[in-house]
Amino acid sequence: MNPTSVASFAVRAVSRSAHTQSRARLTATRKAAARKFSTKAVAAAPAVRPWYAVGFSRATCPAPAPFGGYGAVAVQTRGMKTLDFGGVKETVWERTDFPPEKVKAMFSKDTMAMLGYGSQGRGQALNMKDNGLNVILGVRKDGASWKQAVQDGWVPGKDLFSVEEAAQKGTIVMNLLSDAAQVETWPAIKPFLTKGKTLYFAHGFGVVFHEQTGIIPPADIDVILCAPKGSGTTVRNLFLEGKGINASIAVHQDVSGQAREKAAGLGVAVGAGYIYETTFRKEVISDLVGERGALMGAIQGLFRAQYDVLRAKGHTPSEAWNETVEEATQSLYPLIGQKGMPYMYDNCSTTARRGALDWWKPFYDANKPVMEKLYAEVENGNEAARSIAKNSSPTYREELEAELTEIRNQELWRAGETARKLRPENN
């Protein structure tokens, strides 16, 4: 998984008003088109409007057109934005910088070969396909991903192939196999990465830690990445809702001179709404630190520590759960995401505010050394080596299941199963 950055949330806040106005204009335009043209013509329009139906100017829309857009839509020529993130200037792109006709024109001669059809590969492939691009899949024949692809409408021999066949046919080879699978399949894929092609990643792991992975791209191709800040399921669902997920892009090799523009365009095509630039190395380090830290590892540790202390002091499981997880995830975290931590301090009881102000620094002092150690272990490659070794082990699945079973069986999460059933939406 890739973390949702503070920068991305800031861009979302800055741009929300403009997008709301754009949606309102689009709605008015659709209504006018519906009045002007026949019921049959309007019915032909797709029911779901992904990213490309948002942010267009109030142009004449004579009739629904292929690719989910409308004919004669004015092309946005507005360029990138430089925004102030807490006193630091950063450049960001919005999806409206790459309207559908521009994206289709950019990649009209390309074949997108998506290697892998896990959560991220599936979300990105389907989004590109819905955006009118020429997409093929490369997965292990008759495996779980192959069966899922067939179920989703991909046709063997037409747009569903083996990994090697897809890599050969593709002009933009999108390697979204798991990190361990990338290591395993690299020798078979590399011969098909011929001069003039583009190699695309959603994560910089394989390239950055090439000493452990052996993944060193040929010198005569563009190498880029787009890393959506969320799971592939989220990438797909937000796209279907007409929204876009935040994402980062990076360029490792720019042979064509167009790699940066290509990365940004593909970012929008796979479902990004807001895009910021990074490097392969910074992307993978921040991603691994985030997963092990505030996104999952640290959260599990902090939740468990508080729950265990409450239980040891005589509090019931339901009370410990509610004060540790339920209130955090259902009430407070959504507000922090929407409005930030200062808002929380301004909008809580005086007792809660006093306690939070007094205790955040001890928690910071206790956690920063752990975060610094974690960063060092990621930066020096030790975490990558551990990950590759564990995930490539012949007993990987058995060992993983044992670790996951331990977490599932913790009273904390078993109590949560019961507590979640009591939520209003589940009754």
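Predicted model: local features only at pLDDT ≥ 70, side-chain atom pairs only at ≥ 80, totals over all residues.
1. A contact is taken here as heavy atoms within 4.5 Å. On that basis, residues 24 or more positions apart account for 68% of the contacts in the protein chain with a separation of 6 or more.

2. Residues are numbered from 1 along each chain as its sequence is written, and side-chain values use heavy atoms, with hydrogens and water left out.

3. The protein chain contains 19 helices and 10 strands; these are DSSP runs numbered from the N terminus, helices being H or I of at least four residues and strands E of at least two. Of its 427 residues, 43% are buried (buried is under 20% relative accessible area, exposed over 50%, partly exposed in between, with a 1.4 Å probe and protein chains only). The chain exposes about 22,000 Å², and carbon and sulfur atoms supply 56% of that area; accessible areas come from the Shrake-Rupley method with a 1.4 Å probe, and for residues only the protein chains shown count as cover.

4. Tyr307 belongs to helix H13 (residues 297-312). With a relative accessible area of 1%, Tyr307 is buried. Apart from residues up to four places away in sequence, Tyr307 touches Pro317, Ala320, Trp321, Thr324, Glu411, Leu412 and Ala415. The C-alpha atoms of Tyr307 and Val325 are separated by 8.8 Å, the two residues being 18 apart along the chain.

5. Gln182 is placed in helix H7 (residues 179-189) and is buried, at a relative accessible area of 4%. Beyond its neighbours within four places in sequence, Gln182 is in contact with Asn175, Leu177, Phe201, Gly206 and Ile215.

6. The structure holds 19 salt bridges, a salt bridge being a side-chain nitrogen of Lys or Arg within 4 Å of a carboxyl oxygen of Asp or Glu. One of them joins Asp222 to Lys262, with the closest N and O atoms 2.9 Å apart. Asp222 lies in strand S8 (residues 222-228) and Lys262 in helix H11 (residues 259-269), so this pair ties together parts that are 40 residues apart in sequence. Asp222 is buried at 2% relative accessible area, and Lys262 is buried at 14%.

7. A salt bridge also links Arg354 and Asp358, the closest N and O atoms being 2.9 Å apart. Both residues lie in helix H16 (residues 350-379), four residues apart, about one turn of the helix. Arg354 is partly exposed at 46% relative accessibility, as is Asp358 at 44%.

8. Glu377 pairs with Arg386 in a salt bridge whose closest N and O atoms are 2.9 Å apart. Glu377 is partly exposed, with a relative accessible area of 21%; Arg386 is partly exposed at 41%. A network of salt bridges links Glu291, Arg292, Glu377, Glu383 and Arg386.

9. Glu398, Glu399, Glu403 and Glu406 form a negative surface patch. Patches are made of residues with over 30% relative accessible area and no salt bridge, like charges being joined within 9 Å and nonpolar side chains (Val, Leu, Ile, Met, Phe, Trp, Tyr) within 5 Å. Lys and Arg count as positive and Asp and Glu as negative, with His and the chain ends not counted; the place of a charge is taken as NZ of Lys, CZ of Arg, CG of Asp or CD of Glu. Glu398 is located in helix H18 (residues 396-408) and is exposed, at 53% relative accessibility.
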